[in-house]
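Please open the structure in your viewer and keep the sequence panel beside it. The stops below are meant to be selected one after another.

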Amino acid sequence: MVDDIERTLAGVGSRLRTLRTRRDLTLAEVSRESGISVSTLSRLESGERRPALELLLPLALLYDVPLDELVGAPEVGDPRVHIRRIPHRGGVLMPLSRGAGGIRVVKQILPPKAGERVELKTHRGYEWLYVISGRLRLVLGGRDFELGAGEAAEFDTRTPHWIGAVGDGPAELLHLAGPDGQRIHMPELDAPRDDGAGG
């Protein structure tokens, strides 16, 4: 990261010179308009002076360019997550994140299944879930919990656990898990992506 910053700063001088010459301005004219001395401007353009914010802001205003453009900052990518619906346990998974930092956020809809067998699993990691609607059964170790809309639970996944919908309708929840949790409970998330899937 330090190298990237240094490379970005090293390119500021040539961008400043290009902006000035495109506008047919002399160093003296830029100095007069910006309040920055000719010698400082010359050293900035030649790369002898490290660009600082108090120098770059008036120049960005003078040249009428965003500060990002002046320093050549990389463009910010599209932050939107294109939601897809993935069939899972008779319900649906909808990834809401790209899994940056190893954490995956998933909206999950679990249909009620009468007589569904409870299969406790364990793995490394930690999980957090929040019930949006419906009712959710959480079996954790030797205890059995029922969570309603607006309730949340978090637990160490080395404890044997299982979740399922209870009642007449589906349980809709937000689920946060690390890579181990994904592989155990939601292997479909890592399946090859079908770009035709809508969301």
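**Stop one: the largest nonpolar core**

In this predicted model, begin by selecting Leu16, Leu59, Tyr63 and Leu70, which touch the most other members of the largest nonpolar core, a set of 15 residues. If you then colour the chain by element, you will find that α2 (12-22), α4, α5 (53-63) and α6 (67-71) each give two or more residues to this core, and that the largest share, 5 residues, comes from α5. In soluble globular proteins, nonpolar side chains tend to be buried together.

**Stop two: leucine 16 and its surroundings**

Now centre the view on leucine 16, which, with neighbours within four places in sequence left aside, is in contact with Leu44, Glu45, Leu59, Tyr63 and Leu70.

**Stop three: α2 against α5**

To see where the two helices meet, display Val12, Leu16, Leu19 and Arg20 in α2 together with Leu56, Leu59 and Tyr63 in α5.

**Stop four: threonine 40**

Finally, select threonine 40, which has its place in helix α4 (residues 38-46). Is threonine 40 buried or exposed? Its relative accessibility is 12%, so threonine 40 counts as buried. Its side chain makes a polar contact with the side chain of serine 37 (2.8 Å), and, not counting residues up to four places away in sequence, threonine 40 touches Arg49 and Leu55.

Methods. Residues are numbered from 1 along each chain as its sequence is written. This is a predicted model: local features need pLDDT of at least 70, side-chain atom pairs count only at pLDDT 80 or more; totals for chains, interfaces and linings use all residues. Side-chain values use heavy atoms; hydrogens and water are left out. Helices (H or I, at least four residues) and strands (E, at least two) are DSSP runs, numbered from the N terminus. Buried means under 20% relative accessible area, exposed over 50%, partly exposed in between (1.4 Å probe, protein chains only). A polar contact is a pair of N or O atoms within 3.5 Å; within protein, one must be able to donate a hydrogen and the other to accept it, and residues adjacent in sequence count only if both atoms are side-chain atoms. Contact means heavy atoms within 4.5 Å. A nonpolar core is a set of buried Ala, Val, Leu, Ile, Met, Phe, Trp, Tyr and Cys residues joined through side-chain atoms within 4.5 Å.
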